Amino acid sequence: MAQIKSVSGLIDQGLSPEEILKEILEGFRFRILAEREVSYQCQCSRERTRNLLVSMGRKEIQEILEEGQVEVKCHFCGGVYCYEKEEIDKLFDKVKDINEKRENKK
Ligand SMILES: [Zn+2]
């Protein structure tokens with residue numbers, strides 16, 4: 001039982017509530033991290049890469065398209081998302097529509 005630190009003892013040492021919580025959770029923390037690593041899944045999606053393309057701008061993307069298709073590679077999981085010209089055009093047309101609607105609301 002000596003290994004279990006008593007909360008009142010920690011308070012006596014002048015630790016803040018955050019520090020006490022950290023002391024108590026110290027043993028658990030590593031387990032939680034390890035479990036997370038095993039079940040870790042990248043949160044990337046086609047939707048997210050689309051947002052990236054839009055943020056890069058149509059001109060930039062069209063320059064890449066002239067050399068072939070656009071590929072977005074995720075740095076975290078290595079997933080590759082490919083876009084053909086047709087899909088890019090549709091994507092930016094949609095963005096244009098949304099922007100125009102926003103303009104009209106002003
Ligand atoms: Zn990913």
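A residue is called buried if 20 or more other C-beta atoms lie within 10 Å of its own, exposed if 12 or fewer do, and partly exposed in between, with the C-beta atoms placed from the backbone. By this criterion, buried residues make up 4% of the 106 residues in the protein chain. The structure is a predicted model, in which local features need pLDDT of at least 70 and side-chain atom pairs count only at pLDDT 80 or more, whereas totals for chains, interfaces and linings use all residues. Residues are numbered from 1 along each chain as its sequence is written.

The protein chain holds five helices and two strands, where helices (H or I, at least four residues) and strands (E, at least two) are DSSP runs numbered from the N terminus. Read from the N terminus on, these elements follow the order α-α-α-α-β-β-α. Two residues are in contact if their C-beta atoms, placed from the backbone, lie within 7 Å; among contacts in the protein chain between residues at least 6 apart in sequence, 40% join residues at least 24 apart.

The strands β1 (residues 70-73) and β2 (residues 80-83) run antiparallel and are joined by four bridges, two strands being paired if DSSP finds at least two bridges between them. Within this pairing, V72 stands opposite Y81 in β2. Six residues lie between the strands of the hairpin, in which G78 takes a positive phi near 80 degrees. E71, which is placed in β1, is exposed because 11 other C-beta atoms lie within 10 Å. When residues up to four places away in sequence are not counted, E71 touches V80 and C82. The C-alpha atoms of E71 and Y83, which are twelve residues apart along the chain, are separated by 6.3 Å.

Helix α5 (residues 85-105) contains 21 residues and reaches 30 Å from its first C-alpha to its last, close to the 30 Å expected at 1.5 Å a residue; the expected span of a helix is 1.5 Å times one less than its number of residues. This helix, α5, is hardly covered, as the count of buried residues among its 21 residues is zero.

Another part of the chain to consider is the loop between α3 (46-56) and α4 (58-65), in which G57 lies. G57 is exposed because 12 other C-beta atoms lie within 10 Å. Although G57 and F92 are 35 residues apart along the chain, their C-alpha atoms are separated by 8.7 Å.
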